[in-house]
Amino acid sequence: MTDRQDVVMRLRDETERAASTGGAGTGDGAARRPKRDREATRRRILDAARDLFGEHGYDGVTVRMIAARSEANMALVNRYFGSKAALFGEVLAGESLLREVIAGEPAGLPRRLAEHFVRQTDRPGGTPMSRMLDRSAGQPEVKEILLHHLEDVIVEPLVAQLDGPDARARALLASTIIMGGGPVRRLLGLNDLRAADPAELTDRLTAMFTAALAPHTPAR
């Protein structure tokens with residue numbers, strides 16, 4: 001970070017702090033401006049953290065790097081989020097699309113999951129979420145955050161959609177299909193899947209998710 005950047009960030013921090021205590025003016029307009037400033041700064045920090053975690057993984061990113069990318073003071077990053085691990089967790093919570101994919105009619109759930117999987121596969125660089133997960137899995141500091149994310153965003157919403165026995169086991173089985181794309185993507189790449197017919201790939205995945213989520217029927 002250059003001296004000029006550091007000065008700019010300190011001035012921005014001091015301006016925001018003064019505004020939040022009334023130093024920027026009086027009246028309703030002045031009260032609204034600090035809130036908008038805080039929200040904009042917070043959004044910049046989240047965006048910068050998402051990009052950096054995706055580029056370097058959790059362990060390769062420092063709070064100083066996030067502050068520099070977001071043009072915010074390091075003290076602001078710590079004030080708004082408390083720690084790098086807490087910031088990582090908030091980025092995860094805000095980025096996942098799976099809650100929306102899982103929500104809806106239970107009968108259409110396998111198809112929605114299949115279509116989501118194919119959409120993610122079709123992105124050559126992956127999504128910020130997939131890059132974050134790929135490059136941060138295995139870091140002890142965020143293990144609990146990742147476990148909570150898996151439970152909160154995938155497993156529990158899937159369980160809520162299922163009737164019959166062993167709902168959690170079935171949800172976990174479907175989760176292995178969803179999350180298993182990470183190691184394949186990292187080690188083998190997804191060019192062969194991208195070359196496949198999307199409709200056929202979606203049909204195959206729909207059958208896989210249907211089998212994973214359905215109650216077990218003993219063979220006669």
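Start by selecting helix α9, residues 143–161 (helices are DSSP runs of H or I, at least four residues, numbered from the N terminus). Its 19 residues at 1.5 Å each should span 27 Å, and the end C-alpha atoms sit 26 Å apart, which agrees; the expected span is 1.5 Å times one less than the number of residues. Now click Glu151, where α9 bends by about 40° (the angle between axes fitted to the seven residues ending there and the seven starting there).

A word on what you're viewing: this is a predicted model, with local features needing pLDDT of at least 70 and side-chain atom pairs pLDDT 80 or more, while totals for chains, interfaces and linings use all residues. Residues are numbered from 1 along each chain as its sequence is written, and side-chain values use heavy atoms, without hydrogens and water.

Next, pick Phe53 and Phe88. Their ring centres are 5.0 Å apart with planes at 80°, so the pair is edge-to-face (ring centres of Phe, Tyr or Trp, using its six-membered ring, within 6.5 Å; planes under 30 degrees apart are stacked, over 60 edge-to-face, the rest tilted). Phe53 is in helix α2 and Phe88 in helix α5, so the pair ties together parts 35 residues apart in sequence.

Ring pairs link Phe53, Tyr58 and Phe88 into a cluster.

Notes
Helix = DSSP H or I, 4+ residues; strand = E, 2+ residues; numbered from the N terminus.
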